[in-house]
Amino acid sequence: MSARRGTAELEEEEIDGGPGLAYMPFVVMDDLLDKLKLLGYDHEFVIDLKMKPLSRHYFAIATNPGEQFYLFTSLSAWLIRKTGRHMEPPQEYDDPNSTVSSILDHLRQLGVTVDFPPSKLKSGCGEHAIFVLDRLADFALKHVNFIWKKPIYPAEDGGGEDGEVEDEAELTLDKVEEDMMAEFDGSDDEEEENILHMDDLKNLNKQRESEAWPEEILHSNTTYEEWRLEVERVLPQLKVTIRTDNRDWRSRIEQMHEHRGKINETLNFTQKQLDDLHSEITRSLEKIASREKYLNGQLEPLLLEYRNLQNVAAESREQYRQVSGKLVEKSHELAQISDELDRVKHEMEERGSSMTDGTPLVNIRKALTRVKQEITAMDVRIGVVEQKLLQAKLKDKTNLQRDMNAPVYNNMDMGLF
């Protein structure tokens, strides 16, 4: 018995829900399709984006993983845009890990707790994919201010009229039952009267009562042979069959005595068989109890080991969840580092191309040549200016000498003139 209890406990631990839990994704998928229709999925997603329309159980059953994953990501991006956020429509050749990570990031930003790894969404179907789409559809309905209206129930008649109708129905039913019982009793009486030919006797009595008694004795004119032939002709009709009544208590008592005798006869035989069966069942139960004790003793260490393994598995699942969360963070860091690396590579390529290009050197040489030409022209101009300055100095010097060598006249001579 303890082994059975242990097995039952293990089954209860393994099964978290009832047997109908396996069909829950179909129900949620049905509700999800109704929500999508409320959001205008038929026109905005199917017609405008030229997508394939979904069936009632599209994401609940795995059919084509590639097609289902593409439709799942496209529908998720459309629902995210419906919530007022921005997400580009995914392409068929995008990285599935980054697409799933971005969808889950938007879902976490909306306040939804995600307790499953992103790899569960790579198949594009199943309860996790339906959960993500259903939550996004709920937030989209909230964003468009959709409100469920109260149901409108049809008007019903008053309670008094219903009570009268029920009373009339009960009276009618009682009347029908009485009529049926009366017909049943009348049919039994009619059958008995027909069997006894009571109708003929009644008619004969009526005829006798209606006819007047003759005053003289009637003499028959029929011969013996005619009488005999008439008797033979009507003899089959003169037979009276009396049917036994099953409702007679005497016949029932006789039947009860007969059944009791038969029961007493078979009781002795069946009693022996039942005693043998009881003893055999007792021995079998004793063997089962002994085997159960033996199995309990043998399975006890295995059950303890199984429980320990379950605890270890639970810890491993918790560690896996933590590691998966860290993996998502690391994937984001890797994406940032890869973007930075691409930027650095682009800068290095630009610098390398600029270093190997000879155009700047040619421009520098041309500039040097042009500077040298300008310097030469400037030297010529400087020489010309120096020459002019020298000539001007010489001219000034000659004029000065000439003025110094000129004669000096007295004032008297000046007055004479």
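This is a predicted model: local features need pLDDT of at least 70, side-chain atom pairs count only at pLDDT 80 or more; totals for chains, interfaces and linings use all residues.
## The chain as a whole

The chain has 12 helices and zero strands. Read along the sequence, its pattern is α-α-α-α-α-α-α-α-α-α-α-α. There are 417 residues in the chain, and buried residues make up 16% of them. Some contacts in the chain join residues at least 6 apart in sequence; of these, 64% join residues at least 24 apart.

## Helix packing

Start with H4 and H6. H4 passes H6 in a left-handed crossing. On the H4 side, the contact is made by Phe 72, Leu 75, Ser 76, Leu 79, Ile 80 and Lys 82. On the H6 side stand Ala 129, Val 132, Leu 133, Leu 136, Ala 137, Ala 140 and His 143. By class, this contact of H4 with H6 holds 10 nonpolar, two polar and one charged residues.

Next come H2 and H6. H2 passes H6 in a left-handed crossing. H2 brings Pro 25, Val 28, Met 29, Leu 32, Lys 35 and Leu 38 to the contact. H6 brings Glu 127, Ile 130, Leu 133, Asp 134, Ala 137, Asp 138 and Leu 141. The residues of the contact of H2 with H6 divide into nine nonpolar, no polar and four charged. Leu 133 and Ala 137 of H6 are in the contact with H4 and in the contact with H2.

H4 passes H5 in a left-handed crossing. Phe 69, Thr 73, Ser 76 and Ile 80 of H4 meet Pro 96, Thr 99, Val 100, Ile 103 and His 106 of H5. This contact of H4 with H5 has five nonpolar, four polar and no charged residues.

## Two residues of H5

Val 100 sits in helix H5, which runs over residues 96–109. Is Val 100 buried or exposed? Its relative accessible area is 2%, so Val 100 is buried. Beyond its neighbours within four places in sequence, Val 100 is in contact with Phe 69, Pro 118 and Leu 121. Ser 119 is 19 residues from Val 100 in sequence, and their C-alpha atoms are 8.4 Å apart in space.

His 106 is also found in helix H5. His 106 is buried as well, at 15% relative accessible area. Not counting residues up to four places away in sequence, His 106 touches Ile 80, Arg 85, His 86 and Met 87.

## Aromatic pairs

How many aromatic pairs does a search of the whole structure find? The search finds two. One is formed by Tyr 58 and Phe 59, edge-to-face, at 5.0 Å centre to centre with 85° between the planes. Both Tyr 58 and Phe 59 are buried.

The other pair is Phe 116 with Phe 131. Their ring centres are 6.3 Å apart and their planes stand at 85°. Planes over 60 degrees apart count as edge-to-face, so this pair is edge-to-face. Phe 116 counts as buried at 9% relative accessibility, whereas Phe 131 is partly exposed at 31%.

## His 128 in H6

His 128 is found in helix H6. Leaving out residues up to four places away in sequence, His 128 touches Phe 116, Lys 120 and Leu 121. His 128 and Ala 60 are 68 residues apart in sequence, yet 9.8 Å apart in space, C-alpha to C-alpha.

Methods:
Residues are numbered from 1 along each chain as its sequence is written. Side-chain values use heavy atoms; hydrogens and water are left out. Helices (H or I, at least four residues) and strands (E, at least two) are DSSP runs, numbered from the N terminus. Buried means under 20% relative accessible area, exposed over 50%, partly exposed in between (1.4 Å probe, protein chains only). Contact means heavy atoms within 4.5 Å. Rings of Phe, Tyr and Trp (its six-membered ring) pair if their centres lie within 6.5 Å; planes under 30 degrees apart count as stacked, over 60 as edge-to-face and the rest as tilted. A crossing is left-handed if the near helix is turned anticlockwise from the far one by less than a right angle, and right-handed if clockwise. Ala, Val, Leu, Ile, Met, Phe, Trp, Tyr, Cys and Pro count as nonpolar, Asp, Glu, Lys and Arg as charged, and the others, Gly among them, as polar.
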